[in-house]
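My entries are below, in the order I made them.

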Amino acid sequence: MRKIFLLIVVVVLLFAGVFRIRRSPRPVVELRPVITAVGQTTPVSVRVLAPSGVRKASAVIEQNGARYQVWDLAQPSTVADNTWNFNVGVSTTPQLKDGKARLIVEATSNQWPHKEAQWEGDVTVVTRPPTVSVDSDQHYLYLGMADLVTFDVSGTYEQAGVRVGDQTFRAWPMPDGKPGMFSLFAYAWNTPGGTAPLVYASFGGGSQVTSPMVYQFPKKEQPKYTVHDLQLDDHFIQKVLGELDPMGTGDPVARFVKINNEMRKANNKTLSDLRFKTAEKFLWTEPFLRQSGAKAEATFADTRNYIYQGKKIDQQVHLGYDLAVTQHVGVQASNDGKVIWAAPLGIYGNCIVVDHGYGLQTIYGHLSRIDVHEGDMVKRGQVMGLSGMTGMAGGDHIHFSMQLDGVQIDPKEWWDPHWIKDHIEKRVEVGGSAK
Ligand SMILES: [Zn+2]
């Protein structure tokens with residue numbers, strides 16, 4: 001009896017041991033980076049994690065019901081962390097056609113019972129690079145300003161638009177259903193000298209084709225940006241800290257400088273990210289309005305030296321207009337659009353952002369009251385709230401600025417009906433009827 005009991009214990013322990021081995025983990029397969037397009041010869045880097053090594057691994061591409069093997073591991077590996085590089089593409093798999101396909105990478109672990117894992121993803125096959133043809137217009141550029149370019153892309157591509165230095169501006173189909181595309185793009189106030197704007201089309205793996213546009217910079221004189229000294233006193237610093245850093249401790253001037261840098265940067269990032277909340281159509285038909293009866297106390301891209309007790313403690317560039325009328329004046333929507341932000345935003349205080357379509361947006365800061373909600377449609381001239389001095393403002397005014405695909409630009413061209421006619425309406429149809 002005792003012997004039988006011992007035998008049972010041994011058998012149970014043996015099984016437990018076997019089961020522990022059986023719980024060998026499934027391998028992990030990842031692509032670094034993830035491939036979304038396959039061209040002539042596209043490098044793929046696969047990482048497979050499996051504690052006991054990898055018995056076999058392979059990759060296939062599936063397209064239109066056919067399955068092509070594109071890689072096979074030459075010999076098993078006993079290493080836990082493996083990275084293998086291979087090429088896929090039309091040069092080695094000539095059966096691939098332009099269009100959608102699926103890339104599948106499979107791996108099986110060494111240890112019994114062999115566990116399988118796979119990575120799967122959609123890819124676009126591009127048998128030959130797309131071609132880009134750009135309009136032959138002269139594009140007159142000024143720092144801080146915008147323009148519009150039309151172009152065609154033929155062939156298969158992933159993304160297209162305009163690249164200015166490290167900034168990209170999206171391309172949109174022509175609004176009237178005509179063939180071709182257009183991009184609204186900014187030549188940002190701080191664009192390095194000699195930067196040529198390029199129309200581009202990307203087709204995966206970091207590959208892209210670009211085409212220059214005919215441009216002149218500047219046609220007339222580049223508007224001069226000014227430099228101002230802004231005197232800070234304790235009263236203003238305390239006002240800003242009380243509102244934007246009420247729980248903070250330490251040197252007030254250091255805290256102010258921190259807000260002026262870090263919070264400004266974070267707030268500008270929030271504004272820039274609103275580029276993705278845009279309508280794929282023109283929401284406006286008439287030129288943009290400049291707040292009626294307002295005096296400009298500051299203009300676009302002015303450099304401000306912040307002076308405290310005779311010492312310069314900071315410097316920032318002011319990317320908007322400070323428009324003053326009277327205290328608590330009604331803040332007018334600059335044009336028809338959709339409210340995409342209506343809430344406090346750090347240094348901008350109570351802030352409204354209105355989207356006008358195709359990445360073009362207007363920003364209204366320092367309000368004492370907001371009377372619209374996110375999602376509201378507004379009309380040109382409609383009062384959306386009252387001016388004030390919330391955020392980093394020393395007196396009652398509206399901070400008005402404009403951004404194009406997340407890049408802040410000088411609104412003054414958009415206030416000018418002639419400029420809109422020559423640069424926008426000449427090239428695309430605004431508001432459904434040709435002008
Ligand atoms: Zn301002």
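**Ground rules.** I am working on a predicted model, where local features need pLDDT of at least 70 and side-chain atom pairs count only at pLDDT 80 or more, while totals for chains, interfaces and linings use all residues. Residues are numbered from 1 along each chain as its sequence is written, and side-chain values use heavy atoms, with hydrogens and water left out.

**Zinc.** I looked up the donors of the zinc ion and found His318 (NE2), Asp322 (OD) and His399 (ND1), at 2.0 to 2.1 Å. I note the donor rule: N, O and S atoms within 2.8 Å of the metal (3.2 Å for Na, K and Ca), with water not among the atoms, so sites may look incomplete. Along the sequence I read the donor spacing as H-x3-D-x76-H. Asp322 sits in strand β23 (residues 321–324) and His399 in strand β31 (residues 398–404), so I have a link between distant parts of the chain, 77 residues apart. For these elements, helices (H or I, at least four residues) and strands (E, at least two) are DSSP runs, numbered from the N terminus. I checked burial and found both Asp322 and His399 buried; the classes are buried under 20% relative accessible area, exposed over 50% and partly exposed in between (1.4 Å probe, protein chains only).

**Cavity.** How many cavities of 30 Å³ or more does the structure hold? I found one, and the volume of the largest cavity is about 50 Å³. A cavity here is a set of points, on a 1 Å grid over the protein atoms alone, where a 1.4 Å probe fits but cannot get out; lining residues have an atom within 4 Å of a point. Volume is the space filled by probe spheres set on the points, which are joined across faces, edges and corners. I listed the lining, which includes Leu289, Arg290, Gln291, Tyr364, Phe400 and Trp415. Strands β24 (330–332) and β31 are the elements that give two or more residues to this lining. By class I have seven nonpolar, three polar and one charged residues, where Ala, Val, Leu, Ile, Met, Phe, Trp, Tyr, Cys and Pro count as nonpolar, Asp, Glu, Lys and Arg as charged, and the others, Gly among them, as polar.

**Ring pairs.** I found 18 aromatic pairs in the structure. Rings of Phe, Tyr and Trp (its six-membered ring) pair if their centres lie within 6.5 Å; planes under 30 degrees apart are stacked, over 60 edge-to-face and the rest tilted. Phe182 lies in strand β15 (residues 181–187) and Tyr358 in the loop between β26 (350–355) and β27 (360–367), so the pair ties together parts 176 residues apart in sequence. Phe182 is buried at 0% relative accessibility, and Tyr358 is buried at 3%. I also found ring pairs linking Trp172, Phe182, Phe282, Trp284, Phe288, Tyr358, Trp414 and Trp419 into a cluster.

**Charges over rings.** The rule I used is NZ of Lys or CZ of Arg within 6 Å of the ring centre and within 35 degrees of the ring normal. Lys219 lies over the face of Tyr140, 4.4 Å from the ring centre. The charged end of Arg290 sits over the ring of Trp415, 5.6 Å from its centre.

Definitions and conventions. On a 1 Å grid over the protein atoms alone, a cavity is a set of points where a 1.4 Å probe fits but cannot get out, and a pocket is an open set with protein on both sides within 12 Å along at least five of seven lines; lining residues have an atom within 4 Å of a point.
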